[in-house]
Structures are given as C-alpha cells and as structure tokens.
Amino acid sequence: MSAPRTMTGTPLPVVLAGARGHGRRHVDNIRRLAAKGLVRLAGICELTPLTEDEFGGELPEQSADLGALLDSTGARAAVISTPIPTHTALALTAAERGVHLLLEKPPAPSYAAFRRMADGVAAAGVACQIGFQSLGSHAVPAIRDLIAEGAVGRVTGIGGAGAWVRPEAYFRRAPWAGRRRLDGVDVVDGALTNPLAHAVATALALAGSIRAEDVAGIETELLRANDIESDDTSCVRVTTAQGGSVTVAATLCAERADEPYVVVHGTSGRITFWYKQDRVLLQRADHGPEELRFDRTDLLENLVAHLRDGTELLVTPDDTGAFMQVVEAIRTAPDPEPLPDGAWRRVPGEDRRVVPGIDALVAAAADRLCLYSELGAPWARSAHHHLPEEVSTR
C-alpha cells in the first residue's frame with residue numbers, strides 16, 4: 001500500500017485512546033516524539049477523564065467518544081490501547097474517518113473480528129501498525145539474515161519461553177482481565193495471547209510464518225493455577241505450511257521471573273533472542289559464542305515515517321495473521337483446565353500462585369520443542385487440543 005502523505009515537517013496530530021494502565025507507556029512515548037517535533041497529542045479518549053495530576057501536565061481535549069474526538073481535533077492518527085474486545089470497533093471508527101492507526105496487540109479477540117478490522121482498514125486506505133514492539137527490533141531482520149546464510153545449518157524448529165510472575169491482583173485489575181469472554185463477548189485474555197503474545201509473534205516472525213495462510217496446524221495446552229477463566233500456564237505448537245514447527249511455552253506462575261526469549265534451533269547451532277532486551281546469542285559449531293546487541297525502531301515513529309516519506313510499515317495487520325490464527329485456536333479450544341491443588345502453591349506474603357517446576361518446564365519446551373504433556377507434566381495430559389489445518393484465512 002502506498003502511504004498517504006502528511007505535510008513533511010508538521011507534527012502529526014495524534015489522539016490516544018486508553019491513557020491508563022499500559023496506555024501510560026504511550027503517553028510517555030508520545031511526549032518523547034513530541035519533543036522531537038514528530039507528533040502532537042491532540043486528544044485523549046477515556047471513559048473517565050484524566051486529571052492534570054494524573055496526566056502530569058496540561059491536558060489536551062478529552063472525550064469518551066473516539067469518533068467525536070477525532071472529528072473535533074482533526075487528528076491524523078490514533079493510538080488505540082483499550083481493552084481487547086474494543087479494538088475492532090475503535091479501529092474501524094478511526095479508519096472510516098481516514099485516520100491512521102497504531103493498534104495495540106492482540107489486534108482482536110477472534111479471527112473474524114481481526115478480519116473485519118483488517119479488511120475495513122484496507123478498504124479505507126489508512127495505514128495500520130499493530131503494536132508488537134518486539135518486531136521493531138533490528139535483531140529480527142539480522143536473525144533472518146543469519147538463518148538465510150546458514151549460520152546454524154538447517155533450521156529444525158523455533159522455540160519460545162516466557163516465565164513471568166503476576167500477583168493475583170493482576171487478574172483483578174480490569175473487568176476483562178483473566179477472562180475468555182465477558183457479557184457474551186470474546187476477550188481471550190491469557191498468557192499466550194496477551195502478556196506473552198510477543199513470544200508467539202516473534203517466534204512466528206523468525207520462522208518466516210507471519211500470515212494466516214502460513215499456518216497448517218495448531219496444538220494447544222491451556223491450564224490455570226489462578227482462579228480465572230483464561231490460561232496462565234500454557235503452551236502452543238504451530239505447524240507451518242512449509243512444514244516447520246514453532247513451540248512456545250508461557251506461564252504467569254513462575255518460581256522466579258525471567259527474561260522471555262525465542263530460540264532458533266539449527267543442525268549446527270542455535271540463535272537465542274531475548275526480545276525485550278534486543279539481545280542475541282549466536283552459538284554455532286566451530287565458533288565461540290557471540291553476543292550481539294541491537295537497536296529497535298519505535299512503532300509509532302515508524303508509522304510517522306511511513307506517512308511522511310513512505311517508509312515501510314514494520315507490522316501490518318496481515319503480518320499478524322498467523323498470530324491471530326493462534327488466538328483463534330486458543331479461543332475455540334476447551335476452557336483451560338484448572339491445575340490440581342497439589343500442582344501449585346501460594347507464595348507467603350506475595351499474593352501470587354506458583355507452579356513448582358514450571359520454570360524448568362517452560363525452558364525445556366522451548367529447548368526440545370515439546371508440549372508440557374510430552375515433557376511428562378501429569379497435569380497437562382487432559383489439556384491437549386489439536387486443530388488441524390484450520391482456521392479459515394478469510
């Protein structure tokens with residue numbers, strides 16, 4: 001898609017929908033880009049208006065109605081950082097007005113809602129960036145180049161691991177948190193679809209399998225230690241159309257929090273990518289280990305560059321189609337199995353639940369490209385769900 005051009009040198013007027021919670025990061029980033037003369041915060045869309053103390057300065061125009069706010073401010077771009085079930089409707093509200101988008105991940109709670117959003121954005125001719133910030137890392141193309149050069153031989157599979165710690169209060173932070181559906185509407189919050197979604201999307205990107213049609217089959221094991229609907233301890237294996245395998249394991253009930261990573265397994269080496277740190281470890285036969293560090297391109301900054309001079313967008317909706325197939329497989333899988341009482345414990349004084357041994361299982365899943373049940377976790381056997389070649393790509 002050729003980029004609709006804005007006036008070069010003029011700060012792009014931006015509206016932020018969702019300025020609390022994760023949205024605070026967008027407030028900080030918009031301020032950073034405003035200081036560079038790239039954007040101007042024209043308005044904030046929140047159901048409850050922010051106070052100046054909360055915002056930390058003079059507030060722009062505010063409204064609970066995104067469409068009205070876009071109309072009154074003349075914004076040219078919108079950053080949408082609202083609850084997952086609202087993404088599609090708000091994105092289409094912006095697109096219908098010719099407003100370009102940075103849409104937080106996951107882009108939608110179902111494949112059908114994703115298609116409605118992506119098709120509507122394409123029909124409107126607006127630019128849309130999906131907020132998988134890890135895909136802005138310069139490590140991603142560098143690793144792809146290493147794979148193409150045969151640095152680790154033939155790729156035998158790609159693993160991903162995320163061992164995080166979240167208190168029980170995390171699942172009470174919003175009405176939709178920890179829910180698969182709310183008031184009859186899909187939410188599909190869960191370890192793999194929301195907090196550790198980057199592990200899934202980044203692994204798929206390194207596999208060169210980012211579009212919906214790149215997915216041939218999906219297996220899931222969805223479990224929960226917390227008293228929630230969604231999964232907090234889960235794994236997924238994607239079989240790609242090219243016959244490759246991507247296995248990602250995640251938990252929010254780790255014994256100790258660790259940096260999430262993706263690992264490329266080859267016949268003569270491996271490449272490990274700690275995607276939050278933009279750090280890569282290359283290990284290969286007949287070479288000493290090499291640690292590499294990379295910069296990253298901010299996704300809103302990339303959207304501005306796209307609008308100004310046609311710079312290629314880093315994460316288009318179609319580039320997240322394979323990830324959305326995973327979301328759909330998780331959405332349509334049986335509800336996550338509660339872990340038996342003996343499989344988890346509370347941490348005294350920390351308001352959190354831990355699954356003993358899960359840190360090692362997560363690492364082993366990424367290392368051996370196995371699901372929890374295949375690694376001998378007795379509590380995972382009944383959670384396996386296989387979706388063969390499936391999900392329609394329309």
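Predicted model: local features only at pLDDT ≥ 70, side-chain atom pairs only at ≥ 80, totals over all residues.
**Entry 1: the largest pocket.** I began with its lining, which by class has 17 nonpolar, 16 polar and 10 charged residues. Here Ala, Val, Leu, Ile, Met, Phe, Trp, Tyr, Cys and Pro count as nonpolar, Asp, Glu, Lys and Arg as charged, and the others, Gly among them, as polar. Residues are numbered from 1 along each chain as its sequence is written, and side-chain values use heavy atoms, leaving out hydrogens and water.

I looked up what lines this pocket and found 43 residues, with Gly-21, His-22, Gly-23, Ser-81 and Glu-104 nearest its centre. A pocket is an open set of points on a 1 Å grid over the protein atoms alone where a 1.4 Å probe fits, with protein on both sides within 12 Å along at least five of seven lines; lining residues have an atom within 4 Å of a point.

**Entry 2: helix α1.** I noted that α1 gives the most to that lining, with four residues. Helices (H or I, at least four residues) and strands (E, at least two) are DSSP runs, numbered from the N terminus.

**Entry 3: the sheet.** I then traced an open sheet of six strands, paired in parallel in the order β3-β2-β1-β4-β5-β6. Its edge strands are β3 (61-63) and β6 (128-130), each pairing on one side only. Two strands pair if DSSP finds at least two bridges between them. I found three bridges between β5 (residues 100-103) and β6, and Leu-101 has Cys-128 as its bridge partner in β6.
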